[in-house]
Structure formats: C-alpha cells, structure tokens
Amino acid sequence: MLNLVLFGPPGAGKGTQSEKIIDKYNLVHLSTGDLLRSQIQAGTELGLKAKTLMDQGILVPDEVVIGMIDSKLSENRDAAGFIFDGFPRTVKQAEALDGLLASYNESITVMVALIVPDEELKKRLLHRGQTSGRPDDQDEQKIKTRIEEYNSKTAPVAEYYRQQNKYVSIEGVGEIEEIFGAICDAIEKEA
Ligand code: ADP
C-alpha cells in the first residue's frame with residue numbers, strides 16, 4: 001500500500017495536489033476538512049459542534065477526527081492506499097494514525113510537506129474566500145487564527161515524521177505541474 005500524508009499550512013495547495021495524486025496513483029482521498037464539512041451539510045450533531053470551531057479557525061477535538069478516519073479506513077479495506085489531507089494535524093492524531101494503520105499491518109509510506117510563506121498563504125486564502133463560500137476563508141482574523149493553530153499544534157507533526165525518516169519537504173510556490181512533479185518524485189523514491 002502507498003499511504004501518503006500530504007502536509008502543509010492552510011492554503012498550501014493540498015487540495016489541488018491531492019486531486020492530481022489520486023488520479024495518478026489510484027488512492028482513496030481522506031480529507032478531514034471535507035469529511036467535517038459533509039457532516040455540517042448533513043446537519044449531524046458532530047457537524048453542528050465542529051462548525052462553531054471551524055468557523056473560528058480552531059482545530060476540532062482529536063477524538064472527533066480520529067474517529068472519522070478510523071471508520072473510513074475500515075470502509076475501504078480494498079484500497080490501493082490512502083492520501084491523508086489535513087490529517088494528522090496534531091502529534092496525538094499522528095500517533096493514533098500509526099496505531100490504526102498498524103492494526104491493518106500497514107504504515108505511513110511518506111509525508112510530503114508543502115512549504116509556502118505566510119504572506120502568500122494569506123493572499124491565497126482571501127482569494128479563495130471570494131469563491132469558496134467558506135466562512136473561514138473570508139475573514140483576515142480567522143485566517144490568522146488558522147495559521148497560528150498550524151504553527152503551534154500542527155507544525156510539530158513534521159518533526160514526528162522526520163524522526164521516522166519519512167519527511168520530505170517541497171517548495172509549494174510555483175507552477176502546479178512542477179510542484180506535482182516534485183511530489184511524484186518524492187513518492188516514487190519512498191514507495
Ligand atoms: P485548511 O487546511 O484550508 O484550513 P481544511 O479543510 O483542512 O482547511 O480544514 C478546515 C477546518 O476544519 C480547520 O480549520 C479545523 O477547524 C477543522 N479540521 C480539519 N481537519 C482537522 C483535523 N485533522 N484536526 C482538527 N481539526 C480539523
């Protein structure tokens with residue numbers, strides 16, 4: 001199996017690159033942001049609770065996203081592999097993911113981190129906010145909170161994978177195709 005963690009701050013281009021990676025390697029896409037947004041759409045209790053936090057740019061509790069990933073892994077037993085997008089976002093989530101995969105005798109193949117400067121991120125998110133309809137993309141304070149959450153809680157996850165020799169960083173500014181090429185090279189080197 002090819003199990004890829006696509007890592008990077010909000011606005012780094014994880015969604016765009018995920019689509020291309022899925023097409024090429026036939027992986028199941030697990031985006032916790034998308035999974036949470038579909039819970040909100042469906043009006044579930046989980047969705048209602050998550051919405052308040054997400055609208056502010058604050059991470060939802062670890063248990064919530066770990067539970068969602070757990071059930072998606074068990075629903076997709078025949079998958080050729082997974083791309084984890086927006087997950088794990090805390091060290092606790094990373095540890096839980098290792099545990100879940102181990103129960104299937106699987107593990108993370110590689111973490112690919114997209115590196116983009118904060119100023120560029122803010123610009124991209126505000127731009128996306130004009131069309132995405134996402135409340136967390138439309139307000140500078142919310143964007144700031146998301147980047148702060150990333151720097152304090154999520155950035156340490158890179159170190160977690162670095163210690164496992166699974167961390168690869170890629171420049172996330174430039175042509176989409178060029179960035180995609182660099183990601184493919186990293187995947188093929190590790191797989
Ligand atoms: P982005 O990376 O562009 O901020 P996402 O769609 O990945 O967008 O996430 C949107 C929001 O959903 C986050 O700000 C957070 O509130 C919540 N969220 C998504 N994934 C997680 C996660 N793994 N852990 C905690 N909260 C999450």
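**Exercises on a predicted single-chain model**

The chain holds nine helices and five strands, where helices (H or I, at least four residues) and strands (E, at least two) are DSSP runs numbered from the N terminus. This is a predicted model, in which local features need pLDDT of at least 70, side-chain atom pairs count only at pLDDT 80 or more, and totals for chains, interfaces and linings use all residues. Residues are numbered from 1 along each chain as its sequence is written, and side-chain values use heavy atoms, with hydrogens and water left out.

**Exercise 1. Overall fold**

Task: State the pattern that the chain follows along the sequence, and compare its radius of gyration with the globule rule.

Solution: 
- Read along the sequence, the pattern is β-α-β-α-α-α-β-α-β-α-α-α-β-α.
- The radius of gyration is 16 Å, close to the 16 Å that the globule rule gives for 191 residues, so the chain is as compact as a globular protein of that length. The radius is taken over C-alpha atoms, and the rule is 2.2 Å times the number of residues to the power 0.38.
- Along the principal axes, the C-alpha atoms fill a box of roughly 40 × 40 × 30 Å.

**Exercise 2. Burial, contacts and surface**

Solution: 
- Buried means under 20% relative accessible area, exposed over 50%, and partly exposed in between (1.4 Å probe, protein chains only).
- A contact means heavy atoms within 4.5 Å.

**Exercise 3. Thr154**

Task: Is Thr154 buried or exposed, and which residues does Thr154 touch?

Solution: 
- Thr154 is found in helix H7 (residues 140-154).
- With a relative accessible area of 3%, Thr154 is buried.
- Leaving out residues up to four places away in sequence, Thr154 touches Phe7, Leu59, Arg89 and Glu149.

**Exercise 4. Salt bridges**

Task: How many salt bridges does the structure hold? Examine the pairs Lys24 with Glu188, Arg37 with Asp34, and Glu45 with Lys49.

Solution: 
- Side chains of opposite charge can pair when their charged atoms come close. A salt bridge is a side-chain nitrogen of Lys or Arg within 4 Å of a carboxyl oxygen of Asp or Glu.
- The structure holds 18 salt bridges.
- In the pair Lys24 and Glu188, the closest N and O atoms are 3.8 Å apart. Lys24 lies in helix H1 (residues 14-25) and Glu188 in helix H9 (residues 176-190), so the pair ties together parts that are 164 residues apart in sequence. Lys24 is partly exposed at 46%, and Glu188 is partly exposed at 44%.
- For Arg37 and Asp34, the closest N and O atoms are 3.0 Å apart. These residues are three apart in helix H2 (residues 32-42), a separation of about one helical turn. Arg37 is partly exposed at 25%, as is Asp34 at 39%.
- For Glu45 and Lys49, the closest N and O atoms are 3.5 Å apart. Both lie in helix H3 (residues 45-56), four residues apart, about one turn of the helix. Glu45 is exposed at 59%, and Lys49 is exposed at 57%.
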